[in-house]
Amino acid sequence: MKILANDGISQSGITALEAAGHEVITTKVAQEQLQNYINDKDIAVLLVRSATKVRKDIIDNCPNLKIIGRGGVGMDNIDVEYARSKGIKVINTPAASSHSVAELVFAHFYGLARFLHNSNRDMPLEGDKNFKGLKKAYAKGVELKGKTLGVIGFGRIGQATAKIGLGAGMNVVAYDPYIETADLTLDFFDGQSVSFKIDTVSKEEVLKQADFLTLHVPAQKEYIIDENDFKTMKDGVIIANAARGGVINEVALVKAIESGKVARAALDVFEKEPQPEVQLLMNSALSLTPHTGAATNEAQDRIGVELAEQINDILG
């Protein structure tokens, strides 16, 4: 079978697929040319990440397509149910990138807690002539240990993020409308492990308690965090969104920062991705990354291997 990995795939994934006798094509095909390419090359499996869209036009007009695979968790760039109604298998890799996203959230949290995002901008410009001034400006950092981590969305990624929080000495409160309780096990280098039972609470309770708030929910029609939600939060809360653009009202977020309700925030995803609003890009209270939550070598290896295993199982 011919497999088009249009947004790329790790070498480990390619190796596993080729070992099963499949041909893997990693040519990047433009969205408007994708339909013709799939038909001309007789592609049976289309693998994407977040860039390529697989909508009804491709599903209807590519009769030889048997599998659509998403390297990652969210599948909002694929018309999943429609594809399945046409007999096409749709797969993803929900567990492969959980830890990578969780680590990025905490990279942002530690950076925001100590103003690293600002200091790294200012030191090259002013470090030689305003060292003492910068030291004073960034001398009011906070520690994460002993603080409360609020998690909105307590699936695989939310739980992976909570584990890091627990390891950092944080209290964890979580909200998820579909999960009442979760058993989290922290595994250590020497084979020891410690287990925690986390009972979820209401969204309002999480917002009230959180010193650090992180979102791990799928794409929504409505904002998960909107203007009124900010009013419920503690003054000086630090927020991270590494889930999907559109789950937090960015205009309301900027207002909350300006009022002091939100001290600082991290965004890995944006409502108008891939062209975020300039007011976000220029805001010194924001730590920003270009949707790189799952972008680690380890996660991409896991994604590639997991996709290959699923494809090989389906195709026999």
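These legends describe close-up views of a predicted model. Residues are numbered from 1 along each chain as its sequence is written, and side-chain values use heavy atoms, with hydrogens and water left out. Local features need pLDDT of at least 70, side-chain atom pairs count only at pLDDT 80 or more, and totals for chains, interfaces and linings use all residues.

**View 1. A salt bridge joins E81 and R84.** A salt bridge is a side-chain nitrogen of Lys or Arg within 4 Å of a carboxyl oxygen of Asp or Glu. The structure holds 9 of them. Here the N to O distance is 3.7 Å. Both residues sit in helix 4 (residues 80–85), 3 residues apart, so about one helical turn separates them. Helices (H or I, at least four residues) and strands (E, at least two) are DSSP runs, numbered from the N terminus. E81 is exposed, at 57% relative accessible area. R84 is partly exposed, at 38%. Buried means under 20% relative accessible area, exposed over 50%, and partly exposed in between (1.4 Å probe, protein chains only).

**View 2. K203 and D229 form a salt bridge.** Their N to O distance is 3.4 Å. K203 lies in helix 9 (residues 203–209) and D229 in helix 10 (residues 227–232), so the pair ties together parts that are 26 residues apart in sequence. K203 is partly exposed, at 21% relative accessibility. D229 is buried, at 15%.

**View 3. D235 and K261 link two loops.** Their side chains meet in a salt bridge of 2.8 Å, N to O. D235 lies in the loop between helix 10 and strand 11 (237–241). K261 lies in the loop between helix 11 (250–259) and strand 12 (262–267). D235 is exposed, with a relative accessible area of 63%, whereas K261 is buried, at 17%.

**View 4. F188, F189, V194 and F196 make a nonpolar surface patch.** The patch covers about 430 Å². Such patches are made of residues with over 30% relative accessible area and no salt bridge; nonpolar side chains (Val, Leu, Ile, Met, Phe, Trp, Tyr) are joined within 5 Å, and like charges within 9 Å. Areas come from the Shrake-Rupley method with a 1.4 Å probe; for residues, only the protein chains shown count as cover. F188 is in the loop between strand 8 (181–187) and strand 9 (193–199). F188 is partly exposed, at 41%.

**View 5. The second largest pocket has F188 in its lining.** A pocket is an open set of points on a 1 Å grid over the protein atoms alone, with protein on both sides within 12 Å along at least five of seven lines; lining residues have an atom within 4 Å of a point. The volume is about 210 Å³, counted as the space filled by probe spheres set on the points, which are joined across faces, edges and corners. The lining also includes S98, K163 and D187. Helix 5 (98–113), helix 8 (156–167) and strand 8 each give two or more residues. Helix 8 gives the most, with 4 residues.

**View 6. The largest cavity has a volume of about 50 Å³.** A cavity is a set of grid points where a 1.4 Å probe fits but cannot get out. The structure holds 1 cavity of 30 Å³ or more. Its lining includes G8, L47, R49, G71 and L307. Strand 3 (45–48) and helix 13 (297–315) each give two or more residues. Helix 13 gives the largest share, 4 residues.
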